[in-house]
Amino acid sequence: MPANFDLNDNSVVVVIGSGAGGGTVGSELVKRGIKVVCLEAGPRLGLNDIVNNEPEMFGKLSWLDRRIGEGYAPDGLPVWSVKGVGGTTTHWTACCPRLQDFEFKSLSTYGELEDCNLADWPVTLEEMDPWYEQAEFMMAVTGTHGIDRLPGSANFKVMEAAARSIGYEDIDTYNMAINSSPRDGRPACLQLGFCNSGCAINAKWTTLFNHIPQAEQTDFYDLRPESMVTRIVTDESGNATAVRYVDRDGVEHEQQARVVCVAANVVETTRLLLNSSTPQHPNGLANSSDQVGRNYMRHVMAMVFGVMPGEVNWHKGTTCAGVIRDEVKHDPQRGFAGGFQYHLLALGPEYIANNLIPGGWGKEYANLMLDYDKLAGVIITGEDPPQATNRITLHPTEVDHLGLPVPVVTYNKHPNTEAMLKYGYQKGREMYESLGATEVFFHEGFGATHNMGTCRIGHDPATSVCNSYGQTHDIANLFVSDGSLFTTAGSANPTLTIISLMLRQADYLADQLEAGIL
Amino acid sequence: MLSSRRQVLLTISQLIAAGGLAACGGAETNTQGQDINPTAPPEARQESNLQLLAGIAYDLFPFDDLDPMLYVTIAQRMLDLDSPAVTEALAMMQENNGSTPWLELDETQRIELLSMLEQGAFFTTMRATAIEVLFRDPEVFALLGYGGSAIEQGGYINRGFADITWLPEGK
């Protein structure tokens, strides 16, 4: 039975957000008998709400409240995140690579990079391994725990053949949190496509249809959708005591709390901490280091499309089930630090028409669109270095409908990123041209889906926001529980690492609560 | 023989004349700003604006195998936006083409004129609207070889998701 805790119950842990981070930490605490109130800004969709229609699902899922993009971050939609129960696990592509050992040690491995805050993580891969294991098992990730990989689509076959012809070798259909055969009450993938629009059959793992309903079977989980948190309340001693939120009818409530976990995805997590300032915390909560909102990373992200000599029909099949790992390494010979992966990608006609050539139109462009079925695609996902000036801030004057300052997302590409892109584009072109592509297109600068780094973990409270468990250095009963924790970005899609960090955080937090420390 | 463009434009005019307007209830009240031709009756102005916009929509994404009504839909959406940028651009185009009506201009002239508008709000809106109408349409999906919603047919697991015919042997 879903629980219904009293607003004055100050024994609950309040989790803000229900995505990969919040959905995981909340449901793990519940397993230990800890009462959790989960406040989610967006609505709760059912499986019937998920349809095979990209523009319709974009409207249903996306966080479309005003956000300002500066620099390379596109204005209007600097970040493509989800507003709804399940958070970005509804629209994620379910790629589950681990970070590499060297990616936890970027400063030691790469040395200092100009204008960057490279740092080693306060945890190593070795320490994270058991949590990764547990996360992969929990999500039934293909290629782990003896779980078969997904079959390769035609788009995958093109990518693989192209990659091999230029000498790449580490290629397969990836580690996916998408069932290759029925498991955990979820069916096998039907190769629908539309992974980004939410999986209409629940073959893809989400917190929406998995963790959260499981947590609701206990007496400890109280999920409140359409509850937009406006402020974390702190007392004279500086501790978090309550969370203020506005419900779907615009009514404000204050939920008392023993511990608060902020898992609102990088932009909103930063915004909430900054908006909760008090005379005691004049720069926002947990921000004595002035690092909250800084070191914002979004991965080096760029698409390569080839117009192939025959039909590919890339829309048929799992959107991103394919990877080339050969460039996931640190090899300064290539002219940049850190690594990147190529993974498989397919996009719908509307997105392609808008972006294949930005602003494109006319006879030639229309003819190019008629080659839609010949397109093959990959996306480059690479490490971007943390920079203090890439950051989330509050707009000085503009406010939203609740009167809260609107967030500003500022991001500019580091020269290392430019060099990585150039190399990645070149190799991408070689790949598709090796199979006779008539044209190759590149596309970048879209809204970020991988958002990381604005409350980085570290040992030193002067240069980081949280300890390795995501507990803020400044406020013992305030935790950050999402991708904001990343010290550096690595080249791996972040969700698996977020979930693994949250399994570790929940374990630590439950221990602290049981021991009466918090 | 008429060019395919000419044929599409003719069909567009016929569609508009035959009742495109009836389907556009309230559109008249949406046309604000400068009068294009103060002496023309409102219906005639509306018709001429629709034709012009549908013609431009075709110039942006000329698909000859498509029901021309889709271009009229784009034109109507543009008028329904009730945007000053659209009204201004329409007035300019209706006035500025001198003796040759826009739709009678040859391709080079039209493309040249459209290119000059490329950076402006009218063109951006026109392109975005055209893309939204066209690339969400099942008929266009079919033209592109895109399957649209796949759930009803059980996805592609048994419908050729891995089919490929042209990959070189051994690759």
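Biologist: Is the crossing of helix 1 of chain A with helix 11 of chain A left-handed or right-handed?

Modeller: In this predicted model, helix 1 of chain A passes helix 11 of chain A in a right-handed crossing. As a general idea, a pair of packed helices is described by the angle between the axes and by the distance between them.

Biologist: At what angle do the axes of helix 1 and helix 11 of chain A cross, and within what distance do they come?

Modeller: Helix 1 of chain A covers residues 20-31 and helix 11 of chain A covers residues 495-514. Their axes cross at roughly 30° and come within 8 Å. Angles under 35 degrees count as roughly parallel, so helix 1 of chain A is roughly parallel to helix 11 of chain A.

Biologist: Which residues make the contact?

Modeller: Helix 1 of chain A contributes A:Ala20, A:Gly21, A:Thr24, A:Val25, A:Glu28 and A:Leu29. From helix 11 of chain A come several residues, among them A:Ile498, A:Met502 and A:Leu509. Sorted by class, the contact between helix 1 and helix 11 of chain A has 10 nonpolar, four polar and one charged residues.

Biologist: Where is A:Thr89 found, and is A:Thr89 buried or exposed?

Modeller: A:Thr89 is found in the loop between strand 3 (68-71) and helix 3 (106-110) of chain A. To judge burial, count the other C-beta atoms within 10 Å; 20 or more makes a residue buried. A:Thr89 has 30 of them, so A:Thr89 is buried. Leaving aside neighbours within four places in sequence, A:Thr89 is in contact with A:Gly19, A:Ala20, A:Gly23, A:Thr206, A:Thr207 and A:Leu208. One of these, A:Ala20, also takes part in the contact of helix 1 with helix 11 of chain A. A:Thr89 and A:Ala203 are 114 residues apart in sequence, with their C-alpha atoms 12 Å apart in space.

Biologist: How many other C-beta atoms lie within 10 Å of A:Met303?

Modeller: The count for A:Met303 is 20, and therefore A:Met303 is buried. A:Met303 lies in strand 10 (residues 300-307) of chain A. Not counting residues up to four places away in sequence, A:Met303 touches A:Leu345, A:Gly377, A:Ile379, A:Phe442 and A:His443. A separation of 9.0 Å lies between the C-alpha atoms of A:Met303 and A:Thr381, which are 78 residues apart along the chain.

Biologist: Turning to the other chain, how many helices and strands does the secondary structure of chain B come to?

Modeller: Chain B has eight helices and zero strands. Of its 171 residues, 32% count as buried. Among contacts in chain B between residues at least 6 apart in sequence, 77% join residues at least 24 apart.

Biologist: How many residues of chain B are in contact with chain A?

Modeller: There are 32 on chain B, in contact with 39 residues of chain A. Helix 7 (121-134) and helix 8 (138-144) of chain B each supply at least two residues of that side. Helix 8 of chain B gives the most, with three residues. By class, the side of chain B that touches chain A divides into 20 nonpolar, seven polar and five charged residues.

Biologist: Over which residues of chain B does pLDDT stay under 50?

Modeller: Where pLDDT is low, the predicted coordinates should not be read in detail. In chain B, pLDDT stays under 50 over residues 20-36. The model has 34 contacts beyond four places in sequence for residues 20-36 of chain B. Chain B averages a pLDDT of 82, and 81% of its residues score at least 70. The model scores ipTM 0.94 and pTM 0.94.

Technical notes:
Residues are numbered from 1 along each chain as its sequence is written. Chains are lettered from A and ligands numbered from 1 in the order in which they are written. This is a predicted model: local features need pLDDT of at least 70, side-chain atom pairs count only at pLDDT 80 or more; totals for chains, interfaces and linings use all residues. pLDDT is the predictor's confidence in each residue, from 0 to 100. Two residues are in contact if their C-beta atoms, placed from the backbone, lie within 7 Å. Axes are lines fitted to C-alpha atoms, for helices over the stretch in contact, and angles run from 0 to 180 degrees between N-to-C directions. Helices (H or I, at least four residues) and strands (E, at least two) are DSSP runs, numbered from the N terminus. Angles under 35 degrees count as roughly parallel, over 145 as roughly antiparallel, 65 to 115 as roughly perpendicular and the rest as oblique. A crossing is left-handed if the near helix is turned anticlockwise from the far one by less than a right angle, and right-handed if clockwise. Ala, Val, Leu, Ile, Met, Phe, Trp, Tyr, Cys and Pro count as nonpolar, Asp, Glu, Lys and Arg as charged, and the others, Gly among them, as polar. A residue is buried if 20 or more other C-beta atoms lie within 10 Å of its own, exposed if 12 or fewer, and partly exposed in between; C-beta atoms are placed from the backbone.
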